[in-house]
Amino acid sequence: MNSAEYSIVVAETAIVQTNTNSTNYLETATADNNSKWTVATIFISIALFILAGIFEVGGGYLVWIGVREKRLPWLFIPIGCIILVLYGFVPTLQPVASFGRIFAVYGGFFIVLSYGWAMVFDGFKMDTGDYIGAAIALAGVSIAWFWPR
């Protein structure tokens, strides 16, 4: 084997190793959450839960004000529906391939984000029960999500 052929073999080997040792968390997602959590996947996962919540609560709020409050229904209802459709795709980006676990855990984030949205955009005032309930929900789903399996 001459040096040119050797270089090609080395390059091909490097490409194969790069592809089989991919760090793309979506390619290594597992249904039982056995993927190894890293700082990056933890932040990505939490960011995706928050993004999903913003899309769902925000889209739902736009539909709400279009229907219930009759504020620019021709504008708010279709935009809200489009945002809700986008929300449906966000959980598919999670690093775990378990539909049930993703949506169960998302429920805790949804509770907290619903309160936050209502406080910012609707003048809602949380009481002690709201704060305690939201904290328990978030603690519970954190245990479910990050529990070693």
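This is a predicted model: local features need pLDDT of at least 70, side-chain atom pairs count only at pLDDT 80 or more; totals for chains, interfaces and linings use all residues.
Residues are numbered from 1 along each chain as its sequence is written, and side-chain values use heavy atoms, without hydrogens and water.

Color by burial next. Of the 149 residues, 25% count as buried (under 20% relative accessible area, 1.4 Å probe, protein chains only).

Now select residues 39–67, helix H2, and residues 73–89, helix H3. They pack at an angle of about 155 degrees, with axes 7 Å apart. H2 is therefore roughly antiparallel to H3 (an angle over 145 degrees, between N-to-C directions). Show the contact residues (heavy atoms within 4.5 Å). On H2, they include Phe 55, Gly 59, Gly 60 and Val 63. On H3, look for residues including Phe 76, Ile 77, Gly 80 and Tyr 87. By class, this contact has 15 nonpolar, four polar and one charged residues; Gly counts as polar here.

Last stop: Thr 41, in helix H2. Is Thr 41 buried or exposed? Thr 41 counts as buried, at 11% relative accessibility. Zoom in on the side chain of Thr 41: it reaches the backbone nitrogen of Thr 38 at 2.8 Å.

Technical notes. Axes are lines fitted to C-alpha atoms, for helices over the stretch in contact, and angles run from 0 to 180 degrees between N-to-C directions. Helices (H or I, at least four residues) and strands (E, at least two) are DSSP runs, numbered from the N terminus. Angles under 35 degrees count as roughly parallel, over 145 as roughly antiparallel, 65 to 115 as roughly perpendicular and the rest as oblique. Buried means under 20% relative accessible area, exposed over 50%, partly exposed in between (1.4 Å probe, protein chains only). A polar contact is a pair of N or O atoms within 3.5 Å; within protein, one must be able to donate a hydrogen and the other to accept it, and residues adjacent in sequence count only if both atoms are side-chain atoms.
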